[in-house]
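Here are a few worked exercises on one protein model. Have the sequence and the coordinates open, try each task, then walk through the solution.

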Amino acid sequence: MSSAPLRSPTLRPHRMKKDESFLGKLGGTLARKKKAKEVTDLQEEGRHAINSPMSPASADIHPEDTLLEENEERTMIDPTSKDDPKFKELVKVLIDWINDVLVEERIIVKQLEEDLYDGQVLQKLLEKLAGCKLNVAEVTQSEIGQKQKLQTVLEAVHGLLRPHGWALQWTVDSIHGKSLVATLHLLVSLAMHFRAPIRLPEHVSVQVVVVRKREGLLHSSHVTEELTTTTEMMMGRFERDAFDTLFDHAPDKLSVVKKSLITFVNKHLNKLNLEVTELETQFADGVYLVLLMGLLEDYFVPLHNFYLTPDSFDQKVHNVAFAFELMLDGGLKTPKAHPEDVVNLDLKSTLRVLYNLFTKYKHLE
């Protein structure tokens, strides 16, 4: 039987095999311990630099993060900042936005710094947003080729942003080096410049650990990076007005203002058997605004001029923008809001538009 040798093995070969296995394991263990000690020493050097007395929290430093050339600098986000719900929301909103823009390209972004560093996705994103075509190689495998492509893409971005006074808080090296902070700065600027149909969380800041190598030693510092401010500051709103004061200093009076405006609009919309209960949501698609202008100015708005049942962001923006045109035709000043703001459910912008109407038409029967 073929199984007989397995039932009666000799003891000597077994002992020799065991000895060899033991020596092999011992040698392997010593080698691993030596290598592990080198890595540990390297990590300790980095951790010691990071965990200085002024450091609020320890950062998760990888060995490669401490392998710096003289005067080289590396930044990383403090882990506590990464756990902040507002930071997580910002990352998610930007990822969802990119994937929505590039859905026809069959591109799916999962990690910002990992998926955007080589310029490929950024190229597609910019081409889609700006309606242009960049003269770059489609696929670049080498680091030099990736940086050249990224350089071209970022130069195009800078050409769009610089004339509008944007602060450029990123470089080719930082994006290619997979700096999440630099990547977020870039995407937030693009989202604001192109008035993306998204709501960026306000006042998102992160603690950033900056590690530099000087005279062979690692030195660290912590800085706070502000990624977003208020919606109004980010989107380039107009000068402050009574509504800013109302929201900032008298929020208790907000319900009174809303009630007055709801009464005003319903006085006219009821003629069409329509009723408003929520200002920011029911005017967001522009339909009620268009119909309201027709009622206030006593004319019929042809249905082919707007979307009665808009089903996309662009169609809603078209409706609100068309309502703004009707307001200008009626002798009103340009609304102190953008159509996109109303569509994005920005209450202050919607109130500004409706108060503009209330001021002129409040005496109508």
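Before we start: a contact means heavy atoms within 4.5 Å. Helices (H or I, at least four residues) and strands (E, at least two) are DSSP runs, numbered from the N terminus. This is a predicted model, so local features need pLDDT of at least 70 and side-chain atom pairs count only at pLDDT 80 or more, while totals for chains, interfaces and linings use all residues. Residues are numbered from 1 along each chain as its sequence is written, and side-chain values use heavy atoms, with hydrogens and water left out.

**Exercise 1. Work out which residues of α15 meet which residues of α18, and at what angle the two helices pack.**

Step 1: find the helices. α15 covers residues 287-297 and α18 covers residues 347-361.

Step 2: list the contacts. On the α15 side you get Leu 289, Leu 292, Met 293, Leu 296 and Glu 297; on the α18 side, Val 353, Leu 354, Leu 357, Lys 360 and Tyr 361.

Step 3: sort them by type. Count Ala, Val, Leu, Ile, Met, Phe, Trp, Tyr, Cys and Pro as nonpolar, Asp, Glu, Lys and Arg as charged, and the others, Gly among them, as polar. The contact of α15 with α18 then gives eight nonpolar residues, no polar ones and two charged.

Step 4: get the geometry. Axes are lines fitted to C-alpha atoms, for helices over the stretch in contact, and angles run from 0 to 180 degrees between N-to-C directions. The angle comes out at about 10°, with the axes 12 Å apart. Angles under 35 degrees count as roughly parallel, over 145 as roughly antiparallel, 65 to 115 as roughly perpendicular and the rest as oblique. So α15 and α18 are roughly parallel to each other.

**Exercise 2. Decide where the confidence of the chain is lowest and where it is highest.**

Step 1: take the average. pLDDT is the predictor's confidence in each residue, from 0 to 100. The protein chain averages 77, and 73% of the residues score at least 70.

Step 2: Where pLDDT is low, the predicted coordinates should not be read in detail.

**Exercise 3. Compare the spans of α10 and α8 with expectation, and say what is buried in each.**

Step 1: The expected span of a helix is 1.5 Å times one less than its number of residues.

Step 2: apply it. α10 (residues 180-193) has 14 residues and reaches 20 Å from first C-alpha to last, close to the 20 Å expected. α8 (residues 143-161) has 19 residues and reaches 26 Å, close to the 27 Å expected.

Step 3: look at burial. Buried means under 20% relative accessible area, exposed over 50%, partly exposed in between (1.4 Å probe, protein chains only). In α10, 13 of the 14 residues are buried, so α10 is largely enclosed by the rest of the structure. Buried residues of α8 include Gly 145, Lys 149, Val 153 and His 158; their cover includes α7 (120-130), α9 (172-176) and α10.

**Exercise 4. Describe the surroundings of Ile 98.**

Step 1: Ile 98 sits in helix α5 (residues 85-101).

Step 2: check accessibility. Ile 98 has 0% relative accessibility, so it counts as buried.

Step 3: collect neighbours. Leaving out residues up to four places away in sequence, Ile 98 touches Val 109, Leu 112, Leu 116, Val 121, Leu 125 and Leu 187.

**Exercise 5. Look at the positive phi angles of Arg 106, Leu 345 and Arg 195.**

Step 1: Most residues other than glycine have a negative phi, and most peptide bonds are trans.

Step 2: Arg 106 is in the loop between α5 and α6 (112-116) and is exposed, at 79% relative accessible area. Leu 345 is in the loop between α17 (339-343) and α18 and is partly exposed, at 41%.
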